[in-house]
Amino acid sequence: RRDALVASLQRLYDATQHTTLRSAVYNVLADILFIFSAEKVKGTNLEMVGFQAPLAAMQTFWKHCEAELATLGGDDSTSDKGVNALLVLSHAARLVAYNLVP
């Protein structure tokens, strides 16, 4: 079911050009990757629910991160766009901190 959810999130992301919706989709995906990461739960009672994201999903996630982070800087860094870029940065940093990036 989790794989189906991730695949659905990726299809939703690919099907829309709406920036806010794309960001929301990848905020949810980042939480799924972080909470259920196989690497993070390895050796614990939760190991059986561990999840390794498909490479394509991770590549799309990083492209999204790069696009959002490109909006940082300039005069609008305090706007909703800048705030969202900071949220994406936070998600990306958590994934990197736990070695969840393939």
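User: Which side chain of opposite charge is nearest to the buried R22, and how far away is it?

Analyst: The model is predicted: local features need pLDDT of at least 70, side-chain atom pairs count only at pLDDT 80 or more, and totals for chains, interfaces and linings use all residues. Residues are numbered from 1 along each chain as its sequence is written, and side-chain values use heavy atoms, without hydrogens and water. Lys and Arg count as positive and Asp and Glu as negative, with His and the chain ends not counted; a salt bridge needs a side-chain nitrogen of Lys or Arg within 4 Å of a carboxyl oxygen of Asp or Glu. R22 is buried (buried is under 20% relative accessible area, exposed over 50%, partly exposed in between, with a 1.4 Å probe and protein chains only) and has no salt bridge, the nearest side chain of opposite charge being D14, at 5.1 Å.

User: Which residues does R22 contact, leaving aside neighbours within four places in sequence?

Analyst: R22 is part of helix α2; helices (H or I, at least four residues) and strands (E, at least two) are DSSP runs, numbered from the N terminus. Contact means heavy atoms within 4.5 Å. With neighbours within four places left aside, the residues touching R22 are Y13, D14, T16, Q17 and H64.

User: How far is R22 from the ring centre of Y13?

Analyst: A charge sits over a ring if NZ of Lys or CZ of Arg is within 6 Å of the ring centre and within 35 degrees of the ring normal. R22 lies over the face of Y13, and its distance from the ring centre is 4.1 Å.

User: What is the geometry of the Y13 and Y26 ring pair?

Analyst: Rings of Phe, Tyr and Trp (its six-membered ring) pair if their centres lie within 6.5 Å; planes under 30 degrees apart count as stacked, over 60 as edge-to-face and the rest as tilted. The count by this rule is 1 aromatic pair. In that pair the centres of Y13 and Y26 are 4.5 Å apart and the planes meet at 80°, so the arrangement is edge-to-face.

User: Which helices do Y13 and Y26 belong to?

Analyst: Both residues count as buried, Y13 at 7% relative accessibility and Y26 at 1%. The pair links distant parts of the chain, 13 residues apart, with Y13 in helix α1 and Y26 in helix α2.

User: Is T71 buried or exposed, and what is its relative accessible area?

Analyst: T71 sits in the loop between α4 and α5. Its C-alpha is 6.8 Å from that of A85, 14 residues apart in sequence. T71 is buried, with a relative accessible area of 18%.
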